[in-house]
Amino acid sequence: VDDLTPTAFEEANGSGSGSHVDIGNTAGEMGIGFKASLPIIGTVSGQYIPKGDSAENADKTASGDTNALVGDGSELVIRTALGDVPVIGSFLDGNNLTLGYATAEESTVANTTDLFELTAALTGKIGNFSYGYQREHIDLGQTTAATDAIFHNVETIGLAYAINDALSVSYNTIESKRHNVALDNSYTTKTDAINFGYTVGGITLGFQDASTDHANFVRDAKDDTRTVSVKAAF
């Protein structure tokens, strides 16, 4: 659930303009998961990660205690179709609310803190117009005792319009605010992007023009990119 906002081609920083810290630090872990569909609430999925070592073993491969300095973790995601909510559902039909939470013990050393991620996203569609807004909080936790954890607050917006069955256009933006006591935190890293997507037969064409201010969390740094993608299905 790192970026749920709609786009015609790629998310704002999906083609390499700038660098933003995103949620999903536990996504590549080996764990035990579940998924259920509940009345009104919607789809609920979660995962327990016995060892948060950033490793996901292949099928038929035995796991091992590859990193004794990390602990366990967990994830929970709730996706609710707001049209199914009693009373207010008739006013909110076509909108979806997604809530996500994750935590992981980055270090078993005393006086350190855990990785913590939290997100909320509202997405919807009216005719050919799609929209989405998402907020994220990412606390990277402490791996060394008595140090300040680095955390990021991220805001993402996506507006997309399907001109016809083949051609769509979107505007996407992402803003990241960093907290790091050792560095300058007085500015916001922001990426704006215009996307076009065109699909005909087995050919898919994508284009993005993106621009980032204070790129890679460096004050006054600029990063402008233009990306063209051609995919063919045989």
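Two strands count as paired if DSSP finds at least two bridges between them. Strands here are DSSP runs of E, at least two residues, and helices are runs of H or I, at least four residues, numbered from the N terminus. Keep that in mind for what follows.

Now the ground rules. This is a predicted model, so to speak of local features we need pLDDT of at least 70, side-chain atom pairs count only at pLDDT 80 or more, and totals for chains, interfaces and linings use all residues. Residues are numbered from 1 along each chain as its sequence is written, and side-chain values use heavy atoms, with hydrogens and water left out.

Overall layout. The protein chain has one helix and eleven strands. Along the sequence the pattern reads β-β-β-α-β-β-β-β-β-β-β-β.

Let me zoom in on β4. Strand β4 covers residues 95-104, and nine bridges join it to β3, residues 73-81, running antiparallel. Which residue of β4 does alanine 81 face? Alanine 81 stands opposite asparagine 96. Threonine 80 stands opposite leucine 97. On to β5, residues 115-126: ten bridges pair this strand with β4, again antiparallel. Here alanine 104 stands opposite leucine 115. In a regular strand the side chains alternate between the two faces of the sheet.

Back to the whole chain. The C-alpha atoms fill a box of roughly 55 × 50 × 45 Å, taken along the principal axes. Of the 234 residues, 34% count as buried, meaning under 20% relative accessible area with a 1.4 Å probe, protein chains only.

Contacts next, meaning heavy atoms within 4.5 Å. Among contacts between residues at least 6 apart in sequence, 51% join residues at least 24 apart.

Last, charge. The chain has 13 positive and 31 negative side chains. Lys and Arg count as positive, Asp and Glu as negative; His and the chain ends are not counted.

Definitions and conventions:
Buried means under 20% relative accessible area, exposed over 50%, partly exposed in between (1.4 Å probe, protein chains only). The place of a charge is taken as NZ of Lys, CZ of Arg, CG of Asp or CD of Glu.
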